[in-house]
Amino acid sequence: MTQILDFLSEIKVTQIVDVLIVWWLIYRLFMMIRGTKAITLLRGVGIVVVVKVVSWYFDLSTISWLTDQIINWGVIAMVVIFQPEIRRGLGHLGRSALFKNRANDNDERNLITSLDEAIQYMSKRHIGALITIEMETGLEEYMETGIKIDGDLSSQLLIQTFIPNTPLHDGAVIIKDLRLAVAAAYFPLSGNPMIPKELGTRHRAAVGISEVTDALTIVVSEETGGVTITRNAELMQDLSRDDYMKYLERQLLPDQDGEKQTWLSHFLNGFKQED
C-alpha cells in the first residue's frame, strides 16, 4: 500500500494531462478511420507488430529481418498508397469540434423541420427513403459511391430525390454540414441475424452504416410508411412523429441550457455512447 501511495505522490499534473491528450488523439484517430479503408491498414500494422515481437522473443533472425524491412519501407508505402485518406483525415480533423463551434441553433432547427416535413410527406404516401446525417465519423468513403448534389437542404429537395422511378431515388441521401451532399449513395448491408425478416434492403443498409460509423440514419418504409432510425447499431422501429422529433432534437440540437458542448464534454459523451 505504501508503494502505491509513493507512486501516486510522484505523479505530476502535467503527466496526467499528457496521458489524457494522447488518449484523446487516439480516440479521434479511431473515429476518423472507422468505416474507411484505413481500418484494414491498421489491422495489417498490428499483425506486423505482433510478428516482430514474437520473432524478437524467440530469436527468429530471418523473420525479424523481414519485419524490419516491412516497417522501414512500409511508412513510405503507406504515405503513397493512402495519400487521399491522409489528406481527407487531416481535413476532417481541421473541421472537428476542437477547432470550431457547432452550427447555429436556428440552422439545426431548420434541418429538423425539413426532415420532419419530408418524413411526413413520404410516410403518408409510402415513398421509400434512406437519409443519413454525418455526425463525427467521416462518410467520405460512402459519399464517393453516390452522385454529388451539394445543395441547400429543404424538404422539397429531399422529397423530390426519393420520388419513385427518378434517377436518384435508389440509394441513400447523405447530409453533411447541414447540406444535402450526395444522393444515390450505397452502404454496406448488415448481416445481423437479429434484424426482423420483414425488413428490406433499406433497413439493412441503415443498420450496416450504423455498425461502422456514428451516423444517424432515417428510413421511411415503402411498404408500411413506418419511420425507423438507426444509430450506433441500434434499430428503433415504427416511431411516431413525437418519438422521432424528440430523438432528432436530442441528437442534433445543443444542450437545453443553450450552451454549445465543449470538446471535452463531447469527448466524454463519446465514451458514454460506446458503453
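The side chain of Thr166 comes to 2.5 Å from the backbone oxygen of Ile163. This contact belongs to a predicted model, and it makes a handy place to begin. Thr166 sits in the loop between H8 and S3, where its relative accessible area of 22% makes it partly exposed. Leaving aside residues up to four places away in sequence, Thr166 touches Gln160 and Thr161.

The protein chain contains 11 helices and seven strands. Of its 275 residues, 37% are buried. The accessible surface of the chain amounts to about 16600 Å², and carbon and sulfur atoms account for 60% of it. Among contacts between residues at least 6 apart in sequence, 61% join residues at least 24 apart.

What lies in the interior? In soluble globular proteins, nonpolar side chains tend to be buried together. The largest nonpolar core in this model is made of 32 residues, and Leu115, Met122, Ile218, Ile229 and Leu248 have the most contacts inside it. Both helices and strands contribute: H6 (105–124), H8 (155–161) and H10 (241–252) are among the elements that supply at least two residues each, as are the strands S1 (129–133), S3 (172–176), S4 (179–185), S5 (216–220) and S6 (227–231). Helix H6 provides the largest share of this core, with six residues. Not counting residues up to four places away in sequence, Met122 touches Ile127, Ala129, Ile131, Leu158, Ile159, Phe162 and Val220. Apart from this core lies another one, of 15 residues, including Met143, Ile174, Ala205 and Ile209.

Val45, Ile47, Val49, Val50, Val51, Val53, Val54, Trp56, Tyr57, Phe58, Leu60 and Ile63 form a nonpolar patch on the surface, and together they have about 1200 Å² of accessible area. Helix H3 (residues 38–57) gives the most to this patch, contributing nine residues. Trp56 is located in helix H3. Is Trp56 buried or exposed? Its relative accessibility is 65%, so Trp56 counts as exposed, because exposed means over 50%.

Charged residues tell another part of the story. A search of the whole structure finds eight salt bridges. In one of them, Lys176 pairs with Glu140, and the closest N and O atoms are 3.5 Å apart. This pair links distant parts of the chain, with Lys176 in strand S3 and Glu140 in helix H7, 36 residues apart. Are these two partners buried or exposed? Lys176 is buried, having a relative accessible area of 13%, and Glu140 is buried too, with a value of 15%. Both can be called buried because the term covers relative accessible areas under 20%.

The side chains of Lys176 and Glu134 are joined by a polar contact of 2.9 Å. Glu134 is found in the loop between S1 and helix H7 (140–143), and a relative accessible area of 11% makes Glu134 buried. The side chain of Glu134 also reaches the backbone nitrogen of Leu139, at 3.0 Å. Beyond residues up to four places away in sequence, Glu134 touches Leu139, Glu140, Ile175 and Lys176.

Which residue forms a salt bridge with Arg179 at 2.9 Å between the closest N and O atoms? That residue is Asp150. Asp150 lies in strand S2 (residues 147–152) and Arg179 in strand S4, so this pair ties together parts that are 29 residues apart in sequence. Arg179 forms a salt bridge with Asp152 as well, with 2.5 Å between the closest N and O atoms. Asp152 is likewise in strand S2, so its pairing with Arg179 in strand S4 ties together parts that are 27 residues apart in sequence. As for accessibility, Asp150 is partly exposed, with a relative accessible area of 41%, and Arg179 is partly exposed at 29%. Asp152, in turn, is exposed, with a relative accessible area of 59%.

Key
Residues numbered from 1 in each chain as written. Predicted model: local features only at pLDDT ≥ 70, side-chain atom pairs only at ≥ 80, totals over all residues. Heavy atoms only, no water. Patch = residues over 30% accessible without salt bridge, like charges linked within 9 Å, V, L, I, M, F, W, Y side chains within 5 Å. Areas by Shrake-Rupley, 256 points an atom, 1.4 Å probe, with all protein chains shown as cover. Salt bridge = Lys/Arg side-chain N within 4 Å of Asp/Glu carboxyl O. Helix = DSSP H or I, 4+ residues; strand = E, 2+ residues; numbered from the N terminus. Buried < 20%, exposed > 50% of the residue type's maximum accessible area, 1.4 Å probe, protein only. Core = buried A, V, L, I, M, F, W, Y, C linked by side-chain atoms within 4.5 Å. Contact = heavy atoms within 4.5 Å. Polar contact = N/O pair within 3.5 Å; in protein donor to acceptor, adjacent residues only side chain to side chain.
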